[in-house]
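Hi,

Here's the model I promised to pass on. Have a look at it first, and my notes on what turned up follow below.

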Amino acid sequence: MSAPQDQAICRSLAPDGAMLTITATRRPRAGRADVKCAVPGAPGVAERMQQVVRLARHTEPRFDSRDQVVLSLDRAPGAGERDWELAAVLADRMVRGVFQSGQGVVANGWSDAWHLGRIDGRMLARPPAGVLAGGADGLPHLGALGGQPDPGAGISSARAWFPMHSGGDQDGLGWVEVSVRPLARAGQDDDETISAPDLDAVRQAQIRAVLGGARHFDGRGQGQWRTTVRFGEPRFSGDSYQFALVMADRMARGREFVARGRVIATGSSLAWHAGKVEAAEALAAKCALIAREAGAGDRVLLPKDWEAALPQGLREQLRARGASLACVERIGII
Amino acid sequence: MLGSLFKDTLKDALRGTLRGSVMGSMMGPLRQPEFDAARLGVTAIALPAPNGLTIPAPCAAVLVDRGGRSRRLAAGARIAALEGETAWCVHPGPYACDLVPFAGAPEIGLRVHVAIDASDPRATHQRFDLFLASEAGGAVELDGFAELAQNALQRELAQGNLALPPCTTLEEWNAFRSGFNQLMYTRFGVTVDDCVPVDLGAARDYAATLDARLAAQADAIDLAAAPDAALPASAPQLAFVPACEDARALRRLFLELPCLMCAVRMAVLPADQERFRQHQDLLRRLDLVSLSVGTMPALELAAPGQPLAPQEQLRRARHSRRAAAALDEAWALLARLKIAGEGPLDCLFDEADRIVANLESESQARRQTHAPEAEEAGA
């Protein structure tokens, strides 16, 4: 959590292709309602917005009665349109510093269970790139913004991030998502319990080897789970995604402590069966990238071999942002 | 006029607290379960003790009167409760329990060994005795206590006040341990002897949990498809009984706020004038909350002789419960204040401001006879 600003803007894409803009303003409460909503010409929508925001706040651990948040929508949405709900929730979180995001956020999603943090779906059929799309194939619940598994869902999925570095302006953090469901329920066709549908055969074999090794080291997780692995950007080269993959798998299986923000990890290994984390390439570039991208609550995990060569001030810089860094020799506790 | 009103409401509040304690121990003297010393130190931490009992060897007795004042008797003495006193027999332990620090990660836990110390001669009140007086209705079972401790731990971790991140390093673990030890001592009055991470995979299989959850979801869909099917007898839901919840929460606030204030006063030694003012202001506001709790109107009355609608009673009880949750946060903050140096004090005072503001707004809302929303719709 960092210093919240006094105004935040979040947009949502209407079905006609235009933008709906939600502006959130924070001011001292002074005995007024905690949330106030204004929608020109549609008091019903404003009422629903207040309800949505209040319900979504139940998923936050920290309650603050000192501020009032005023949310206003620039124009009335079409009848029955509900995709603005996610944008309203995010605007409310951004203005209080609970959720941080770089530039303009565009979000579409609706839910009947905001109090559980679940996002049921969206009306927008094919969201353009860059839109936060709620629903099972995008953002299934609010905790997924930080990669955490949904504590109420029957299928557990977790994300971890890793720096993707090629020297171009495409550099950034990529994510890997591991979803697990109990094998007993998945049926009998257990030819391959770990699948990664977007990837080529070589990479799939590599992922199976990595997860197999790490689960062997863990002592559990073999023969228990049907696993699906997804990448945000399936085309990449190098092995440094492996550590992030292993961490996402451990989080999804409920065997790792939980970070408050995202887990950002880089590192590969030839000995996952022994739990060892070994160095990856491009130390300086990746550290610079991580220093740029990490936010409050994020957990940065780097190989132990890098510890001596870390750039000066990286630790302090991360701590100032509210993130923490650890250099890891072996996965698991301490 | 005002004076008598005051006295009446105070009496009400006291009656509320009294009722809480009676409800807690539920059974009258006739149906009181046999005092079973064998359970003490194994599955139970404290058991209500009958009058005249000779306190068995490692245990001690805690006697609490109606106003929450407590005294202790050492082993070997006979319990002779005065009028209005309730007696517990407390085994000092040690006790072992497994806590799950994150609800989302059920297979990794902490094995914690706690003990209840002999009374601290420097303290004006013993925290564990206060815990008995305000929260233990009857017996304190080890399982129930572990659940309370786990909730306190999970909330501190979720708020980021304690940190237990993935691949915790040794320094981070030590910082966590000191924070956790202080939290347990400040919140419950127990000392943590040992705390190690454990693999709970064998006992709490996550795959089996998810399997059951998926089965329940499938059942729910089947039920929705065939609405006239019989409802499943399973899925026990904890009912929210406004009168009980409200009495319990108000009792806690009534007994604990004065002790909390006392502890907050001791915990900070103001370095300069500015800090002194901040500290004084905080104590003054806590005092007003405490006064507000002490004079809280009865749950079921809108005005003398005028019953309040059940819906509004439910709303009032919810506010009481949220005020009690803020009280929990205040104890956790006190633990952080105790081990903090001069450095993070600004941040901690801001947290204190937030928590006291929450206490103020919840206790204010508890006093209202209707939701304040309606009248300020146009504001």
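On the face of H1(A) turned away from its buried side you'll find the exposed residues Pro43(A), Gly44(A) and Glu47(A). The helix itself runs over residues 43-57 of chain A, 15 residues in total. From first C-alpha to last, H1(A) reaches 21 Å, close to the 21 Å expected at 1.5 Å a residue. Keep in mind that this is a predicted model.

The buried residues of H1(A) are Val45(A), Met49(A), Val52(A), Val53(A), Ala56(A) and Arg57(A). They sit on the same side of the helix because they cover an arc of only 130° around its axis. What do they pack against? The partners are strand E3 (35-38), strand E4 (67-73) and helix H2 (84-95), again in chain A.

Lys286(A) belongs to helix H6, residues 283-293. Is Lys286(A) buried or exposed? It counts as buried, because it has 21 C-beta neighbours inside 10 Å and the cut-off for buried is 20 or more. Apart from neighbours within four places in sequence, Lys286(A) is in contact with Pro163(A), His165(A) and Thr266(A). Of these, Thr266(A) is 20 residues away in sequence, with 8.6 Å between the two C-alpha atoms.

Then there's Ala282(A), in the loop between strand E11 (263-265) and H6 of chain A. Its phi is near 55°, a positive value in a residue other than glycine. For context, most residues other than glycine have a negative phi. Ala282(A) is partly exposed, with 16 other C-beta atoms within 10 Å.

Chain B has a counterpart to look at: phi of Cys167(B) is also near 55°, and this residue isn't glycine either. You'll find Cys167(B) in the loop between helix H3 (142-159) and helix H4 (170-188) of chain B. Cys167(B) is buried, with 25 other C-beta atoms within 10 Å.

Now the domains. Chain A is divided into domain 1 (7-144) and domain 2 (147-328), and their C-alpha centres lie 30 Å apart. The contact between them takes six residues from domain 1 of chain A and seven residues from domain 2 of chain A. On the domain 1 side, that comes to three nonpolar, three polar and no charged residues.

Chain B is assigned domain 1 (12-25 + 34-90), domain 2 (95-199) and domain 3 (246-371). The C-alpha centres of domain 2 and domain 3 of chain B are separated by 22 Å, and 15 residues of domain 2 are in contact with 14 residues of domain 3. On the domain 2 side, the elements giving two or more residues are helix H2 (127-135), H3 and H4 of chain B. Which of them gives the most? That's H4(B), with six residues. By class, the domain 2 side has four nonpolar, eight polar and three charged residues.

A few overall figures for chain B: there are nine helices and ten strands, and 34% of its 379 residues count as buried. Among contacts in chain B with a separation of 6 or more, 72% come from residues 24 or more positions apart.

As for how the chains meet, 40 residues of chain A are in contact with 36 residues of chain B. On the chain A side, strand E8 (172-182), helix H3 (183-186), strand E12 (299-303) and strand E13 (324-328) give two or more residues each. E13(A) gives the most, with three residues. That side of chain A has 20 nonpolar, eight polar and twelve charged residues.

Last, confidence. The model scores ipTM 0.88 and pTM 0.86. In chain B the mean pLDDT is 81, with 83% of residues at 70 or more. Two stretches of chain B have pLDDT below 50. Over residues 1-31 of chain B the value is below 50, and this stretch has 33 contacts in the model beyond near neighbours in sequence. Over residues 227-236 of chain B it is below 50 as well, with two such contacts.

Cheers

Notes: Residues are numbered from 1 along each chain as its sequence is written. Chains are lettered from A and ligands numbered from 1 in the order in which they are written. This is a predicted model: local features need pLDDT of at least 70, side-chain atom pairs count only at pLDDT 80 or more; totals for chains, interfaces and linings use all residues. Helices (H or I, at least four residues) and strands (E, at least two) are DSSP runs, numbered from the N terminus. Ala, Val, Leu, Ile, Met, Phe, Trp, Tyr, Cys and Pro count as nonpolar, Asp, Glu, Lys and Arg as charged, and the others, Gly among them, as polar. Domain bounds come from an automatic or database domain assignment. pLDDT is the predictor's confidence in each residue, from 0 to 100. The expected span of a helix is 1.5 Å times one less than its number of residues. A residue is buried if 20 or more other C-beta atoms lie within 10 Å of its own, exposed if 12 or fewer, and partly exposed in between; C-beta atoms are placed from the backbone. The arc is that of the directions from the helix axis to the C-beta atoms.
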